[in-house]
Amino acid sequence: MQEKFQKHIKEILSLIGEDPKREGLLKTPTRVFKSFEFLTSGYKQDPKEILNDALFTSSNNEMVLVRDIEFYSLCEHHLLPFFGRAHIAYIPDKKVLGLSKMPRLVDLFARRLQIQEQLTEQIADAMIEFVGARGVGVVLEARHMCMEMRGVQKANATTSTSALRGCFLKNEKTRKEFFSLITSSKQVRF
């Protein structure tokens, strides 16, 4: 697969008017392959395997929130980056999830060709399915290079998406608490 991928990158370089034999481009096909292998590594991961080994019995029934989880993904329409921050909260149902697993879940889905709307939904659905949460709230805020580098060329435009499940969708108080916590300008400093 690597050889085939690299061959196509050389062809693309030629098609745009470059010389793939030029010194600066000699190793580019290998670098691009390795880059795409990493940036799309989410296809080789299973959310169940990431989440199920980190569920712990707990009497906690209050909101757990991890905010400002950085993510980087590739737009499936242009193969250009989009990046930003994810905020994930859930209400446990007799089990809590190890805190590092939420960023791992974000990375798993972000490391696939994506649109932000679907990425938001996938994170929320996985939390419900594999964690068994009573409710989940996910908000993603991102910048899209397909809007900034080409197309409308509007630098710093931010796109926000949300996905609410369970009590976050049904209970206005829970929903308000979630949105209040993620928009709070008060940041904890350690």
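A residue is called buried under 20% relative accessible area, exposed over 50% and partly exposed in between (1.4 Å probe, protein chains only). This is a predicted model, where local features need pLDDT of at least 70, side-chain atom pairs count only at pLDDT 80 or more, and totals for chains, interfaces and linings use all residues. Numbering starts from 1 along each chain as its sequence is written, and side-chain values use heavy atoms, with hydrogens and water left out.

Let's start with two isoleucines. Isoleucine 16 counts as exposed because its relative accessibility is 63%, and it lies in the loop between helix H1 (2–15) and helix H2 (28–39). Helices (H or I, at least four residues) and strands (E, at least two) are DSSP runs, numbered from the N terminus.

Beyond its neighbours within four places in sequence, isoleucine 123 has contacts (heavy atoms within 4.5 Å) with Ile88, Leu105, Val106, Phe109, Val138 and Leu140. Leu105, Val106 and Phe109 are among the buried residues of H4, a helix (residues 101–110) that is mostly covered, with 7 of its 10 residues buried.

Now to the strands, which pair if DSSP finds at least two bridges between them. Strand E3 (residues 81–91) has 8 of its 11 residues buried, so it is largely enclosed by the rest of the structure.

| Partner of E3 | Bridges |
|---|---|
| Strand E2 (residues 64–75) | 9 bridges |
| Strand E6 (residues 135–144) | 10 bridges |
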